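Colleague: I would like to learn how to read a structure like this one, step by step. Could we look at it together and go through its features in turn?

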Amino acid sequence: MEKTFIPNSYEEWRHCITVECRLELTESFISERIAALQNPRDYSTKKFIQLYGQHHLQKVLGWFEQAKH
């Protein structure tokens with residue numbers, strides 16, 4: 001069984017996004033993800049909260065905000 005890695009810091013999260021997932025943290029991507037994660041009716045946000053909890057959601061939102069600067 002494969003272990004799931006859940007980042008605990010901005011640096012770990014950024015590495016996961018940019019290196020492991022090979023996604024660019026563009027302004028539009030960041031804005032879209034923040035909007036989705038702030039929408040409690042969004043399906044992916046509901047699943048995220050189910051899997052990782054509200055506390056981790058707040059950390060990830062903060063990391064997206066940090067990535068904007």
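Predicted model: local features only at pLDDT ≥ 70, side-chain atom pairs only at ≥ 80, totals over all residues.

Colleague: Where is leucine 23 placed, and is leucine 23 buried, partly exposed or exposed?

Modeller: Leucine 23 lies in the loop that runs between α1 (10–20) and α2 (27–37). Buried means under 20% relative accessible area and exposed means over 50%, so leucine 23, with a relative accessibility of 36%, counts as partly exposed. When neighbours within four places in sequence are left aside, leucine 23 is in contact with Ile17, Thr18 and Phe29.

Colleague: How should I read isoleucine 17, and which residues are in contact with isoleucine 17?

Modeller: Isoleucine 17 belongs to helix α1, and at 13% relative accessibility isoleucine 17 counts as buried. Apart from neighbours within four places in sequence, the residues in contact with isoleucine 17 are Arg22, Leu23 and Leu25. Isoleucine 17 and glutamate 32 are 15 residues apart in sequence, and from C-alpha to C-alpha they are 15 Å apart in space.

Colleague: Which residues of α1 are buried, and why do they line one face of the helix?

Modeller: The general idea is that an α-helix has 3.6 residues a turn, so residues three or four places apart point the same way. In α1 the buried residues are Tyr10, Trp13, Cys16 and Ile17. Seen down the axis of α1, these buried residues fall within an arc of 130°, and therefore they line one face of the helix. Glu11 and Glu20, on the other side of α1, are exposed, while the cover over the buried residues of α1 includes α3.

Colleague: Which residues of α2 are buried, and which are exposed on the other side?

Modeller: The buried residues of α2 are Ile30, Ile34, Ala36 and Leu37. They cover an arc of only 165° around the axis, so they are on the same side of α2. On the other side of α2, Glu27 and Glu32 are exposed, and what covers the buried residues of α2 includes α3.

Colleague: At what angle do the axes of α1 and α3 cross, and which residues make the contact?

Modeller: Angles of 65 to 115 degrees count as roughly perpendicular. The axes of α1 and helix α3 (residues 43–67) come within 10 Å and cross at roughly 75°, which means that α1 is roughly perpendicular to α3. From α1 the contact is made by Tyr10, Trp13 and Arg14, and from α3 by Val60, Trp63, Phe64, Gln66 and Ala67. These residues divide into six nonpolar, one polar and one charged.

Colleague: How many residues does the largest nonpolar core have, and which helix gives the most to this core?

Modeller: The largest nonpolar core has 14 residues, and those with the most contacts inside it include Trp13, Leu25, Ile30 and Phe64. α1, α2 and α3 each supply at least two residues of this core, and α3 gives the most, with seven residues. Phenylalanine 64, neighbours within four places in sequence left aside, is in contact with Trp13, Leu25, Phe29, Ile30, Arg33, Ile34 and Leu37.

Key: Residues numbered from 1 in each chain as written. Heavy atoms only, no water. Helix = DSSP H or I, 4+ residues; strand = E, 2+ residues; numbered from the N terminus. Buried < 20%, exposed > 50% of the residue type's maximum accessible area, 1.4 Å probe, protein only. Contact = heavy atoms within 4.5 Å. Axes fitted to C-alpha atoms, helices over the stretch in contact; angles between N-to-C directions. Parallel < 35°, antiparallel > 145°, perpendicular 65-115°, else oblique. Nonpolar A, V, L, I, M, F, W, Y, C, P; charged D, E, K, R; others polar. Arc of directions from axis to C-beta. Core = buried A, V, L, I, M, F, W, Y, C linked by side-chain atoms within 4.5 Å.
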